Amino acid sequence: MYTLDLRAVTPKRIVPLSEKFSGTSPAGDAIAFTNYAMLRRGRAFFGVSGEMHYCRVSPDQWEDAVLKMKAGGINIISTYVFWIVHEEEEGVFRFDGCRDVRRFVEICERHGMLLIMRMGPFCHGEFRNGGLPDWLYGKPYDVRDNNPGFLAATRRFFRAVHQQLDGHYFAQGGCIIAAQIENEYQHSSAPWEITTGVSCEWVNGGHSGEDYMLALKRIMQEEGIVTPFYTTTAWGGAITPVDEALPLWGGYSYQPWIFYNRTGAHPATPEYIYRDNHNNAVPATYNFAPAYPPESRPYACCEMMGGMMCSYNYRFQMDMRAIDALANTKLGSGCNLLGYYMYKGGTNPTGLRTPYLNESQVSKRSYDYQAALGEFGQVRESYGRLKALHLFCQTFAELLAETKTVLPEHLCDLAPDDLGPLRFCVRVKGDAGFLFVNNFQDHIDMTDRRDESVTLRLPGGDVTFRFSLAAGENAVLPFGVTLGSVQLDWATAMPMAHIGDTWFFLAPDGMQPVYGIGGQAYAPQPGEILHVDNLTLVTLSRRDSNHFYLLGGKAYLCDKPLMQCGDALRAETDDGLVTLSTWERGAWQRRILGEKRPVVQAAFHQVGVGRYVVDIPQESLAGHKQVLLRVHYTGDIGHAFVGGRMISDNFANGAPWDIRIDCEATALSRDPLTLYITPIKENVVVDVSSAMAGRMERASGLKAELLSAEIIPVDEITLSQEK
């Protein structure tokens, strides 16, 4: 049994930030910030940002990605503008194909998506040299430094990018609301890839402090990159000129980079323990040590783990529950702007002078990132779990913008591997707010929580929550909130969204949904519809909530990805079948669309050690939204080639490997698809016994086998939205 006394909690002191954090469009749309939240048109706006790199996504999939992100509750896209992508050869700028940033911005604008352009000049993002062009290595000046040479080169880059973005800034009626200045300055760097394997040099991490950051902002503005606000990354002691730019935070519980200098198992991290990150009285905590009073700026994030890439030294399959559990923890800790890296995975582009533009620790082509939306738009479990949380945030944006985080004392010194105490906190304003509960911990198996009791002592009287919660789950439970004309005293279910007086709730796994209204307790089962006073309460299981969509003012349950474009709904299917339920006349109206088709196995034959030719019939590539080849194999690394050109690669982690093949139809009409699986090797030695300059690797126990290859056509069923 736990008790939290909230009777003496004082209201948040909320003040507006300066005009440097505001802007107005020609139509009168206004963006501003208080020290606690983002405002739009003078009202609290809960921003949910998802990272997507336009240059890592095929242009024919940009609109699909934007629509899926919007359906998933994302209202801001953040994207890196990698310098090396646009000026790989000095003085020669490219804005074609996947580099056509202007076209990407136009698509975002068409669909009402806001944009944060992460301009660099240094970005990182597992890109070659952190995104800096190779030719900077030989210049007579240090990069990432406040010197005339580097700043002049940066100015030329910013000028070229501005020419593509001009007309699309917020003040021009466009969707670009912010630009990030640098990335992790004086905190992080990247290898100079041209030296990797020999001298292994690193890009300058920086030492010019705020002067350099302010110089970059001044250059941006002088070149026309003028946005309502600017951002910086703040973690790790990075330079954060908070009077000029909004400091943004993040957190990762899967950290492949630690295996540069360690062996053994990945340690559990403190990322899933609630903190109070908007409180001047709280000392620095794990991954949060601001160089400014925390209450003077919003606690906002741009790099919460939305997935994670496998590096060569660390292979894993992401536990998809880790993503929304982290978002729950950040939200409970006072975050009022969620931001994920990555939300949409992709494929690394190839260069003109350098074939592969990635950092050498990661795959050469694939940047799937096990993200909510995969490399080719595949929808993962984390997509649905996050969508429920995003709907909640946007439904209760105004209350969240004024609530205060309160922690139980036992969290202050809790270790990640201490699984005994219940992990919970509260965000409260007066008698209203939310109880946050988390039962997920990375790299440790949690157990079910049974018969927990949390009593909140509020000014208007006590509220007691009694509940159980499955291992790996998290929950946000309301108290004292108003649903239309009815007050909900408390509930052991999370409110997501509403249409008029019909409210949709999520019942987390292991938790019995109970609603306290007017002194009565109502306990429907998930799937039941409850009518109380003027309310209709629709309670969804975790599984069904993953399939819940609110599009165009209507509610749907769809077992496949669903998105809206204009007045049309698009349902994507990889097996030909879609089950769609529409909330109409107080009930779910169910329809089955399409016909289920069998899985098609591709024939293949072995042509060498770990080397296979896969037969892709030409007729299988036409007439679909896209076609994937789903590969199962054992080995070290998988590579896919057409005509000697690598189109995909994969660090083996036991999960299926998807390769898009419809876009290679012309090439496949001339050349076969070759899969080469780098073997896992035992007893490896390099034989140098020859008196001549002879060297040869000798190994035994080679393991590399293609187990299966399935052709997966992906189609869309388009239907008009019912009025």
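Which residues does M496 touch, not counting residues up to four places away in sequence? The legends below take up this and related views. The structure is a predicted model, in which local features need pLDDT of at least 70, side-chain atom pairs count only at pLDDT 80 or more, and totals for chains, interfaces and linings use all residues. Residues are numbered from 1 along each chain as its sequence is written, and side-chain values use heavy atoms, with hydrogens and water left out.

**View A. Surroundings of M496 in the largest nonpolar core.** With contact taken as heavy atoms within 4.5 Å, M496 touches A388, L391, F392, T395, F504, F505, L506, L540, S545 and F548. The core holds 184 residues, and I177, F392 and M496 are those that touch the most other members; α4 gives the most to this core, with 8 residues. Apart from it lies another core, of 25 residues, including V627, I661, L675 and L706. A nonpolar core is here a set of buried Ala, Val, Leu, Ile, Met, Phe, Trp, Tyr and Cys residues joined through side-chain atoms within 4.5 Å, where buried means under 20% relative accessible area (1.4 Å probe, protein chains only).

**View B. The buried face of helix α3.** Helices are DSSP runs of H or I with at least four residues, and strands are runs of E with at least two, numbered from the N terminus. In α3, residues 101-110, the buried residues are V101, F104, V105, I107 and C108. Seen down the helix axis, these buried residues fall within an arc of 160° (taken from the directions from the axis to the C-beta atoms), so they line one face of α3. Among the elements that cover them are α1 (62-71), β7 (76-80), β8 (114-118), α4 (148-165) and β9 (176-180). Just after α3, G112 takes a positive phi of about 70°.

**View C. The largest pocket.** A pocket is an open set of points on a 1 Å grid over the protein atoms alone, with protein on both sides within 12 Å along at least five of seven lines, and lining residues have an atom within 4 Å of a point. This pocket has a volume of about 1,000 Å³, the volume being the space filled by probe spheres set on points joined across faces, edges and corners. Of its 44 lining residues, D368, Q378, V379, R380 and D658 lie nearest the centre. Elements that give two or more residues to the lining include β15 (366-367), α7 (381-395) and β41 (657-660).

Methods
Buried < 20%, exposed > 50% of the residue type's maximum accessible area, 1.4 Å probe, protein only. 1 Å grid on protein atoms, 1.4 Å probe; cavity = no way out; pocket = protein on both sides within 12 Å on 5 of 7 lines; lining within 4 Å.
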